[in-house]
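Biologist: I'm new to this one. Could you walk me through how to read it, feature by feature?

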Amino acid sequence: MLEPSKKHVNFVDLLFMDIDGVCKAVGIPYEKYEEDTKENKWFDGSSIAGFNSIDMSDMRLKPDESTFHSLPWTEAPLETAVVLCDVLTKDGEPYEDDPKQMLKKVMERYRAKGWVYKVGSEVEFFILKKKGDLWVPHDDGEYFHFKAGDEGGVMRQEICNYLARMGVTVEAHHHEVAAGQHEVAIRFDDADKTAFNIYLLKMTIEYVAKQHGYRATFMPKPFAGMNGSGMHTHQSVFDLDGKENLFYDKEDPNR
């Protein structure tokens with residue numbers, strides 16, 4: 001019997017990141033998912049930038065069940081879920097150049113010291129509309145621009161609703177300084193979980209923008225003479241119980 005989050009899923013996209021942090025995927029029917037979870041999914045690693053050479057092309061994807069999320073905007077008969085995979089060698093060993101494995105090793109070093117590395121992010125982006133042959137900002141808003149029913153605000157609300165349904169907590173959202181520029185900030189969590197949450201956020205932003213007839217970009221400087229976009233990353237180190245922030249000093253007058 002399928003778990004509640006999987007009851008109406010017909011397809012699963014097995015995700016992994018290449019060495020440049022670009023997401024790749026292979027889609028399978030859900031009926032194949034449990035089989036591939038046990039046996040791991042074979043793929044050609046030589047066709048992925050920064051991965052193995054042709055003589056070592058056979059690699060595997062091992063789904064990380066903790067990252068399984070149904071995509072809330074998909075409907076019958078195309079209900080789809082995504083799951084982030086660990087990349088393995090053909091012998092089933094963790095692949096050292098898999099970005100997920102690299103972060104996992106960092107987290108393990110922290111845990112060995114009795115710490116947990118946590119990250120929260122503020123993601124800035126532009127939403128663009130087509131004007132002739134050019135992509136230009138979709139509005140002329142400014143910092144904290146507000147107008148009841150404003151399409152930019154509605155899009156951000158849709159993004160937040162979808163993220164909540166995937167278990168991603170949004171701290172705040174608002175219009176940024178430049179025309180057509182927005183920000184969504186997500187709550188801090190263990191760094192490996194936040195890394196995947198950022199991917200879910202970016203995927204959701206791109207989907208919502210497209211549904212409104214626009215295009216989203218995370219380029220740092222898409223327009224000369226205008227504010228660029230950044231991703232402010234808040235870092236902290238906690239004890240293993242997650243109760244004490246080791247960066248916090250109650251005696252520091254600048255705390």
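Predicted model: local features only at pLDDT ≥ 70, side-chain atom pairs only at ≥ 80, totals over all residues.

Biologist: How do I read a pair of packed helices?

Modeller: The general idea is that two packed helices are described by the angle between their axes and the distance between the axes. Take α2 (99–112) and α4 (191–211). The axes of α2 and α4 cross at roughly 150° and come within 9 Å.

Biologist: What is the orientation of α2 and α4 to each other, then?

Modeller: Angles over 145 degrees count as roughly antiparallel, and α2 and α4 are therefore roughly antiparallel.

Biologist: Which residues meet where α2 and α4 touch?

Modeller: On the α2 side you'll find Leu103, Met107 and Arg111, and they meet Ala191, Asp192 and Ala195 in α4. Sorted by class, that contact has 4 nonpolar, no polar and 2 charged residues.

Biologist: At what angle do α3 and α4 pack?

Modeller: Helix α3, residues 151–165, packs against α4 at about 135°, and the axes are 9 Å apart. That makes α3 and α4 oblique to each other. The crossing of α3 past α4 is right-handed. From α3, the contact uses Met155, Glu158, Ile159, Tyr162 and Leu163, while α4 brings Leu200, Leu201, Thr204, Ile205, Tyr207, Val208 and Ala209. In this contact of α3 with α4, 10 residues are nonpolar, 1 is polar and 1 is charged.

Biologist: Now for empty space. How do I look for that?

Modeller: Rolling a probe the size of a water molecule over the atoms shows where empty space is left. In this model, the largest pocket has a volume of about 780 Å³. It is lined by 38 residues, and the closest to the pocket's centre are Met17, Leu84, Ala195, Phe196 and Tyr199.

Biologist: Which element gives the largest share of the lining of the largest pocket?

Modeller: That's α4, with 10 residues. At least two lining residues each come from β1 (11–17), β6 (80–89), α2, β7 (115–131) and α4. By class, the lining of the largest pocket splits into 20 nonpolar, 8 polar and 10 charged residues.

Biologist: How much space lies in the second largest pocket?

Modeller: About 210 Å³. Its lining consists of Leu103, Tyr117, Val119, Ser121, Ala191, Thr194, Ala195, Ile198, Met231 and Thr233. Here too α4 has the largest share, with 4 residues, and β7, α4 and β12 (231–239) each supply at least two. The class count for this second lining is 7 nonpolar, 3 polar and no charged.

Biologist: And the backbone? Which peptide bond is cis?

Modeller: For that you look at omega. The bond from Ala76 to Pro77 is cis, with omega near 0°. Pro77 sits in the loop between β5 (69–70) and β6.

Biologist: What about phi at Phe144?

Modeller: Phe144 isn't a glycine, yet its phi is positive, at about 60°. You'll find Phe144 in the loop between β8 (134–137) and α3.

Methods: Residues numbered from 1 in each chain as written. Heavy atoms only, no water. 1 Å grid on protein atoms, 1.4 Å probe; cavity = no way out; pocket = protein on both sides within 12 Å on 5 of 7 lines; lining within 4 Å. Points joined across faces, edges and corners; volume = space filled by probe spheres on them. Nonpolar A, V, L, I, M, F, W, Y, C, P; charged D, E, K, R; others polar. Axes fitted to C-alpha atoms, helices over the stretch in contact; angles between N-to-C directions. Parallel < 35°, antiparallel > 145°, perpendicular 65-115°, else oblique. Left-handed = near helix turned anticlockwise from the far one by under 90°. Contact = heavy atoms within 4.5 Å.
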